[in-house]
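The following report concerns the structure shown below.

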2 protein chains.
Amino acid sequence: LFGITPSTRLRPSPYYDATLAEGATSFTVYNRTLMPTGYGKPEEEYWRLIRGVSQWDVAVERQVQLAGPDAARLAQLLCPRDLSKQAIGQGKYVALCNHDGVLINDPILLKLADDRFWLSIADSNIWFWARAIAAERGLRVEVSEPDVSPMALQGPKAVDVMAHLFGSWVRELKMFWFKQTALDGIPVIVARSGWSKQGGFEVYLMDGTQGTRLWQLVKEAGKAWDIGPGNPNHCERIESGLLSYGADTDEHTNPFEVRMGKYVDLHVADDVVGIAALRRIAAVGPRRRQMGVVLGGDIAAGPRFVWYPMARNDGTPIGSLNNCVWSWRLQRNIGFALVTSDCAAGDAVSVALDRKQVSGQLVELPFI
Amino acid sequence: LFGITPSTRLRPSPYYDATLAEGATSFTVYNRTLMPTGYGKPEEEYWRLIRGVSQWDVAVERQVQLAGPDAARLAQLLCPRDLSKQAIGQGKYVALCNHDGVLINDPILLKLADDRFWLSIADSNIWFWARAIAAERGLRVEVSEPDVSPMALQGPKAVDVMAHLFGSWVRELKMFWFKQTALDGIPVIVARSGWSKQGGFEVYLMDGTQGTRLWQLVKEAGKAWDIGPGNPNHCERIESGLLSYGADTDEHTNPFEVRMGKYVDLHVADDVVGIAALRRIAAVGPRRRQMGVVLGGDIAAGPRFVWYPMARNDGTPIGSLNNCVWSWRLQRNIGFALVTSDCAAGDAVSVALDRKQVSGQLVELPFI
């Protein structure tokens, strides 16, 4: 669309040189860090993820480290999910909320030790947030950003590449569990994780100087499975119903509205940030819900900067279209909608998109 | 350099359409909002700011509104500067710090009423921060992001354009003071402010639907003074010694290190966030200081993503080069350095820049 001007406010990823060499054509900024968003062949990149194995620079998933005697206590205070049974080596998907129960991030919480945790975060500043809570409550914990930069391997063949690189133990790794290891001397954590529903792993590089070397090692190993570059895929994530914090949420969204209720445990202690508000919301029921929408008409569905107003066919406003994309598997234009709770699958809707009225029908998520 | 992919995580400014029509060629992301960073004629845009009047989309300077009975109390808790004499209609430059005395933003604090304030922020999430402090301390205050988007007019002729648009009263407005008014029915706040040392104003648009119309009204009025588009100018801000939070600072920087000590009042109340740490730092003296550096050699000085290591000529590491640029007025390559406190103007230094050793000499800021 147009260039990003370099600035020392922004940060290149350790894989920046490698992704430029792969031919990255577009980027975004996420946690003040650059992420490649395409390599010039969108449909080929999509099918590689669906049918093969795709290599992603997701170093923008920065880590907020909680370390010290009160680290576990702070983790529980920040997360309205029961962490009492979380094992070392286990990750959990959590809904960070503010005191009003508003979602402020949806990270994976990794437990590295009884006194050390990482929040592998979406795009918002949780370092400031965690430090504020820790300091105001007088906790003995250090909040920092360690030198950790995930790379993802996603797609049905990711497991074969990973087993070739790290050994067959990776095949047994359960979802969100992880293990610290090394690859040719490069310290990494291998996690069964990743922002697609095609299966895969994240390799958390723990030495930012080794980004290019790690990228090359993985690329070489993946050649037998025809690995190639990719990135968190706009089409696949919408088909699969994956949430993007900040893109699908606004400053009022609570976890119940965006299908994260199953990650909220209302019985956690009363001092957990936001739990009182979440209990109130749960008692009444959320005002809105996230649904899918299948769009009709001849529109150029694709990435956009803004939400579009959505209404019933009689003109009653019901919410917004949050994103839309041409689905290569469904051969339809699809998107997410954040709409009033009385909406149901099958409802006919209308969207004011690019100054045209586009008709659509609500469906439950995921699409596939 | 390469494209920014649209996403509803990012936000266009209300002036987005107007700046595209002006021919914006590059952008950055700041507070998750797009800002144009150039219109294709960098030297012409620079001299327009120095000699004429330049029109900037600085809507990325988002506002954090504190409103309610405890708003003044929260403002003082967040700012280690004595606000007891701040008048309604007055802005103050403040150093927001965390509990360790680390700088987390350098906003202008505008007092709109005894119970309503705006923090006009640099690039970091102060909504989360202010909400955390307010909620943890049980204050009756609402923290929000109002529909407010600054446009700047900067340069020696800005005052003439502003007087033509708003009346001659703007000539008497003192630095950082402001007044609520309207332009052709569009609600705005006019402030003597702006991120250059060439003089000027910021017009805070208070209705995001009117961005294109406000841009056009100002552009029309400015024609007699040969107004044209520009943006916060990398060259001018370095020549003038203006701080860029996040670009010139890291996760350890305190206000004393970056020439903000004069905005810290150590006598504020003990419950002000960070004041205990700031008193300790002030007593010992900061470890580092921000200086200018004049660079020799044949280098392509300009915007970059990373800091470069700086050393004395004997190899002793002293800190980093944080930015560099070709100065059209000085006809030299110049930059900022964050170096150990024992460094002094006149010291010879060496920088490892783009795999070359570049020699330089430290100077006090500003350059001009």
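In chain A, the buried residues of α5(A) pack against β12 (149–154), β13 (178–183), β14 (186–192), β15 (200–205) and α6 (211–222). Helices (H or I, at least four residues) and strands (E, at least two) are DSSP runs, numbered from the N terminus. This is a predicted model, in which local features need pLDDT of at least 70 and side-chain atom pairs count only at pLDDT 80 or more, while totals for chains, interfaces and linings use all residues. Residues are numbered from 1 along each chain as its sequence is written, chains are lettered from A and ligands numbered from 1 in the order in which they are written, and side-chain values use heavy atoms, with hydrogens and water left out.

The buried set consists of A158(A), V159(A), V161(A), M162(A), A163(A), L165(A) and F166(A). After α5(A) comes G167(A), with a positive phi near 110°.

## Relation between the chains

A rotation of 180° with 0.0 Å of shift along its axis places chain A on chain B with an RMSD of 0.0 Å; the two copies are thus related as by a two-fold rotation axis. The superposition is by least squares on the C-alpha atoms of residues with pLDDT of at least 70 in both copies. G3(A) is the residue of chain A that comes closest to the rotation axis, at 2.4 Å (C-alpha). Of the interface residues of chain A, 100% are also interface residues in chain B, so the copies meet through the same surface.

The axes of α4(A) and α4(B), each covering residues 126–136, come within 9 Å and cross at roughly 15°. The two helices are therefore roughly parallel (angles under 35 degrees).

## Cysteines

With a disulfide taken as a pair of cysteine sulfur atoms within 2.5 Å, the count over all chains is 0.

| Cysteine | Nearest cysteine sulfur | Distance | Relative accessible area |
|---|---|---|---|
| C235(A) | C324(A) | 11 Å | 2% |
| C324(B) | C235(B) | 11 Å | 1% |

The separation at C324(B) is too far for a bond.

Note on methods:
Contact = heavy atoms within 4.5 Å. Buried < 20%, exposed > 50% of the residue type's maximum accessible area, 1.4 Å probe, protein only. Axes fitted to C-alpha atoms, helices over the stretch in contact; angles between N-to-C directions. Parallel < 35°, antiparallel > 145°, perpendicular 65-115°, else oblique.
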